[in-house]
Amino acid sequence: MSSKLSLPIESHLAGALQKLKANGQLVLEAEPGAGKTTRFPLALLDSGLTSGLIIVVQPRRIAARMVAHFLAETMQESAGDTIGYQVRFEKRLGPKTRVLFMTEGMLLRRMQGDPELEGVGAVIVDEFHERSLALDVMVALLGKLVRSRTDKLWLVVMSATMDGQKVAEYLGGAEHISVPGRVFPVEMKHLDVPSQNHLDQQVRVAVGRALSENSEGHILVFLPGVAEIRRARKACEKYQRAGEIEIFDLHGSLALKAQRQALAKTNCRKIILSTNIAETSLTIDGVRAVIDSGLVRESRFNQQRGASSLVMCNISQASATQRAGRAGRTQEGTCYRLYTRQAYGRFSAYDTPEILRADLAEPMLMLESLGLKIELMPFLDAPPETALLQARSLLKKLSAIGDEGLLSLGKEMLRLPLHPRLGRLVLAAKETGAGADGALLAALLAERDIRQNRDEPLETGDSDLLALRDLFTEVEKAGFSERMMRHARLNVLSVQRVRQARDQLLRSISCKKSSTDNEDALLQAILLAYPDQVARMAVASGKRKGEQDLVMVGGGRAALHASSVVREGEWVVALDVEERQTGTDRRAWARQVSRIEPDWLLDHFEDEVEAVDGIEWDGARGRVDAISQLRYGSLVLEESRERAKPDEAVTELLITEAMRKGAEQFVDMGAFASLVRRLEYAREFFPDVEVPEVSRDDAQSQLRLAAKGLTSLKELSAVNCVKRAEESLSYEVQNVLRKQLPTQVSLKGGRKLTVTYEPDKPPWVQSYLQDFFGMDQGPAIASGRLALTLHLLAPNRRAVQVTGDLPGFWDNHYPGLRQSLMRRYPRHGWPEDPRTASPTRPTRRRKKQS
Ligand code: ADP
Ligand code: MG
């Protein structure tokens with residue numbers, strides 16, 4: 001370790017340990033390559049501050065293994081001696097082990113069984129800026145433990161890029177050391193315009209440029225994932241010159257030896273094609289040029305599926321800065337960015353901590369097992385309220401927790417390395433003797449799709465998941481022959497992953513491989529894992545024939561992907577619903593669904609099924625129906641309907657529908673206006689009587705009066721609404737209307753005239769002029785206070801006068817009018833004194849055509 005003394009952290013180690021000793025907790029910031037990971041744990045070990053185990057939490061599996069091996073070697077030991085590590089699927093740990101590198105997932109698992117971390121003297125949390133959900137939960141737990149444990153637990157949090165002050169405060173006043181960096185200037189070279197080329201071609205051009213523009217130093221290329229690394233290697237092969245320029249890959253799924261080669265010191269120039277593992281976790285000495293694709297493949301948890309999938313996305317600006325910084329660690333360097341300055345401007349400033357966007361079911365369950373409520377845990381960043389509610393509700397539906405906390409099923413779920421959803425599936429399958437199948441289904445859900453092209457439709461069936469199981473089972477029967485897998489268009493690597501995950505699960509549930517034919521049991525197990533994603537299939541309107549929509553239990557809709565094997569049946573669970581944005585259109589798709597029987601909902605979720613009685617408009621019959629339903633969320637499992645019994649709500653619904661069709665279809669609007677006018681007069685002339693306010697535009701209240709006791713539009717059409725409305729008025733008002741504001745008046749001669757009430761004019765009657773002979777005064781209503789307007793008609797039924805003043809007419813107009821009437825209608829009598837004459841009727845007989 002000749003370079004040991006030159007590491008920036010070296011001169012700060014003693015001071016850092018001193019501060020840790022005084023405070024108990026330490027936050028240590030230093031640039032990548034400063035020596036945090038390799039130097040601090042050993043320095044702590046040497047300090048004798050603790051005789052217990054020193055656990056170093058290293059978020060990336062590959063980093064944990066590499067560092068452990070590297071350190072063991074420098075001590076002339078093997079991994080598993082003084083220095084050990086423990087990651088998923090791999091463990092090097094012995095009785096001599098004093099420093100143990102492990103991922104946060106492994107430590108959380110350990111804390112589940114051993115919450116006090118017995119025998120552990122210190123925990124060093126490295127690369128805390130990664131801020132995975134498990135890291136945040138773990139640090140929250142460690143913070144508690146530091147305070148509660150009787151014997152000392154030293155806690156150190158380290159990172160190259162974090163808000164160290166904030167973390168120190170969060171830990172309740174930890175010491176904070178920031179080791180000054182030794183960073184050389186890095187020249188930034190952006191693209192002028194976005195490139196249209198494939199990424200591997202862009203890398204080829206950039207590597208060529210970096211080789212020609214820099215005469216020495218390694219070139220580190222940041223790529224999103226393994227597939228891109230493979231393609232870039234092909235494209236860059238032409239630069240390879242044995243002994244001079246060598247190309248290395250660096251990613252998590254490499255064999256340890258290959259990983260170490262990428263980091264090892266060599267005399268040749270290296271082109272290292274790496275994932276973001278080299279951003280801060282692993283340091284390669286002698287890098288002078290960085291090529292940054294600006295892309296990363298991130299694991300995104302799919303809440304619905306209960307598993308993560310990888311999504312390619314842009315890195316954050318903070319991450320871009322880190323990547324560029326790798327070129328300036330030992331001397332000045334250059335960073336070639338495969339994106340424009342503008343594109344960089346659109347990157348988000350920082351990575352969002354996972355806890356702010358994650359599903360919380362898993363940590364919630366884990367904390368419940370420790371008797372802790374996640375809602376009460378102090379986190380560095382508090383998770384959103386909705387995520388907390390969602391997680392609690394899901395765990396309840398999965399029967400993992402009850403109101404009192406952890407249930408036995410939840411305890412069993414925690415023993416499985418799976419999201420509680422998938423845990424439920426496995427346990428439910430196991431209970432019916434189909435444990436092996438359950439393990440396979442969970443593995444298929446948790447890992448990448450085993451097909452090369454998941455859009456390719458399979459045969460129709462009951463469940464997309466069972467269809468995948470059948471595919472897997474076939475290749476298993478063929479001994480996982482690669483030829484056959486390729487022939488069946490399966491992804492060999494994915495099949496291997498599924499197999500590995502399945503076998504691990506089989507061990508966890510101590511179950512042997514053997515399949516059942518009990519498909520219904522498996523379909524039910526799937527339902528038990530996805531009770532919140534039940535859906536009903538509906539033929540989508542306005543779509544191609546056969547295309548199906550899913551109406552989800554939560555009320556949303558999703559289209560069933562064309563590749564699904566489920567083509568018929570009504571009830572399903574959707575295992576994954578993906579939202580996709582095309583332009584402004586946001587649509588949801590379900591790729592994998594699985595058939596269920598509605599009865600199973602009653603069998604397993606009796607408490608969630610509710611009986612709902614209500615009324616509903618039956619458009620076809622034009623009537624209000626009483627319906628009683630069995631519902632699961634927003635979905636109707638069973639329904640019966642019959643004609644509703646009339647009540648207020650029924651009337652309201654009937655009226656709403658009548659109004660929609662147009663009130664005039666049911667109400668004689670003229671008659672209605674007349675009634676309203678009479679009511680207005682009643683109010684005016686009889687203030688002592690309580691008259692209801694009805695507006696003449698208010699056909700709705702009119703209908704309301706009329707529709708009482710009715711349930712259909714047909715009935716409503718049949719009734720005289722205005723009459724019904726009048727009859728519904730109080731007796732007193734009806735009396736006033738009938739007696740004082742009548743619709744008919746009698747003249748002296750006995751003739752009955754209809755009184756017309758119209759808006760904005762006095763009430764009027766019409767009749768032949770002669771009918772008024774013998775009358776001194778015209779008819780009046782409202783106790784004689786409201787004179788009717790008279791339309792006085794000539795024998796041809798034309799009005800010769802409209803007047804409210806009969807005496808005035810007799811005196812002033814009649815004498816002159818009489819002359820002309822006598823000329824035109826000589827056969828009628830036109831007396832000189834109309835006041836004393838008796839009313840005469842015009843001759844019925846019509847004159848011949850003149
Ligand atoms: P930090 O954790 O602060 O980023 P490290 O402790 O990882 O820094 O690295 C300190 C030095 O040790 C660096 O110069 C790095 O290149 C070297 N180093 C770390 N791990 C290995 C390894 N596995 N093989 C070779 N050199 C390594
Ligand atoms: Mg490190």
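Student: Why is arginine 39 called buried?

Tutor: In this predicted model, arginine 39 has a relative accessible area of 8%. Buried means under 20%, so arginine 39 is classed as buried.

Student: What makes the contact between glutamate 10 and arginine 39 a salt bridge?

Tutor: The closest N and O atoms of glutamate 10 and arginine 39 are 3.1 Å apart. The criterion is a side-chain nitrogen of Lys or Arg within 4 Å of a carboxyl oxygen of Asp or Glu, so the pair qualifies.

Student: Is glutamate 10 buried or exposed, and how do you know?

Tutor: Glutamate 10 has 14% relative accessibility. The limit for buried is under 20%, therefore glutamate 10 counts as buried.

Student: Why is arginine 641 called partly exposed?

Tutor: Its relative accessible area is 35%. Buried requires under 20% and exposed over 50%, so a value in between is partly exposed. Glutamate 616, at 31%, also counts as partly exposed.

Student: What joins arginine 641 and glutamate 616?

Tutor: Their side chains meet in a salt bridge of 2.5 Å, N to O. Arginine 641 is in strand β28 and glutamate 616 in strand β26, 25 residues apart. Both belong to a network of salt bridges that also links Arg623, Asp625 and Glu639.

Student: What makes strand β2 mostly covered?

Tutor: Five of the five residues in β2 are buried. Leu53, Ile55 and Val57 lie on one side, and Ile54 and Val56 on the other.

Terms used. Residues are numbered from 1 along each chain as its sequence is written. Chains are lettered from A and ligands numbered from 1 in the order in which they are written. This is a predicted model: local features need pLDDT of at least 70, side-chain atom pairs count only at pLDDT 80 or more; totals for chains, interfaces and linings use all residues. Side-chain values use heavy atoms; hydrogens and water are left out. Buried means under 20% relative accessible area, exposed over 50%, partly exposed in between (1.4 Å probe, protein chains only). Helices (H or I, at least four residues) and strands (E, at least two) are DSSP runs, numbered from the N terminus.
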